[in-house]
Amino acid sequence: MSRDDGDDGNSAYGRKRFRRSKAHFADRVTADGRDGWPVEAGRYRLVVSRACPWASRSLVSRRLLGLEDALSLAVADPIQDDRSWRFTLDEGGRDPVLGIRYLSEAYDRRETDYPGGVSVPALVDVPTGRLVTNDYQQLTLDLATEWTALHREGAPDLYPQRLRDEIDEVMADVYEDVNNGVYRAGFATGQEEYEAACAGVFRRLELLAARLERQRYLVGDTITEADIRLFTTLVRFDAVYHGHFKCNRWKLTENRVLWGYARDLYQTPGFGDTVDFDHIKRHYYQVHTGINPTGVVPLGPDLSGWLTPHHREELGGRPFGDGTPPGPVRAEERIPAAHTP
């Protein structure tokens, strides 16, 4: 998520035609280091906002794969300003490892006067303080396939070779109509533009519900990258996309299949324990001033349902395949109880 997909600051949201910027910095951190960035424990720092669905993918992947010791984490304030994501949650307003106040400083060290938005997730090289990549589409795939030497024992295979074609096909549809579709609806500046995007969101959700009525996960019988990418939109749906982005034909809680599927994942270690509903709500409602100029954050929705039984285990499936769940969340990364159901 960029500070500014429209390049005119936060006030531009909802006032000009929405476009999703491609990742400008697309270097990859790989096992063989072919882009000059080899996988190395402790060398890189993952910068995220818990509000951002694109960054949340990397949070879930990092937990499931057990990369906490190998890849350190910086969490930005959910309320960014036009200078970019801020580290005001840290003592002194600086990231304790990178020593910077704004993520834009890491971008500037990589490319002076970079004209695009400053987005998360971002992978930063700790020794130099330079941005390595902001390619949110590729980052989690590389965590699953290039960082295997640093995976925990029992880590799941989130991008199995034999299923990649099907996973890629499902993810492409989910991205176009759901992940990005809610933004096209929410930031639409005209009725026809909004209606087309909103219709596309719900058409795809209904197709996904039909698929998930007969199987526990999107592809195969275990959790894959496809499930991670759908989950990070579904978990935000009723809290922000239904009202704030006007995707209100129905709520997630009103769709039996998708609500059960989302609860199943939320209650799976590695998913719900990365979700901060307070950060999500405050970011969308307070930053997108072009849509919500008052900055008022709604009290609802009731979040207690996320912990209710889902009965999806009746469909079979093994969440982690031949692997095991991740261990407890480390103390410094726990979400405050007041920010979760």
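## Basis of the model

This is a predicted model, in which local features need pLDDT of at least 70 and side-chain atom pairs count only at pLDDT 80 or more, while totals for chains, interfaces and linings use all residues. Residues are numbered from 1 along each chain as its sequence is written, and side-chain values use heavy atoms, leaving out hydrogens and water.

## Confidence

The mean pLDDT (the predictor's confidence in each residue, from 0 to 100) of the protein chain is 94, and 93% of its residues reach 70 or more. Over residues 3-7, however, the pLDDT is below 50. This stretch has 24 contacts (heavy atoms within 4.5 Å) beyond near neighbours in sequence in the model.

## Fold and dimensions

The protein chain contains nine helices and four strands. These are DSSP runs, numbered from the N terminus: helices are H or I with at least four residues, and strands are E with at least two. From the N terminus, the order is β-α-β-α-β-β-α-α-α-α-α-α-α.

Along its principal axes, the C-alpha trace spans about 50 × 50 × 35 Å.

## Interior and contacts

Of the 341 residues in the protein chain, 58% are buried, meaning under 20% relative accessible area with a 1.4 Å probe, protein chains only. Among contacts with a separation of 6 or more, 71% are between residues 24 or more positions apart.

Notes: Buried means under 20% relative accessible area, exposed over 50%, partly exposed in between (1.4 Å probe, protein chains only).
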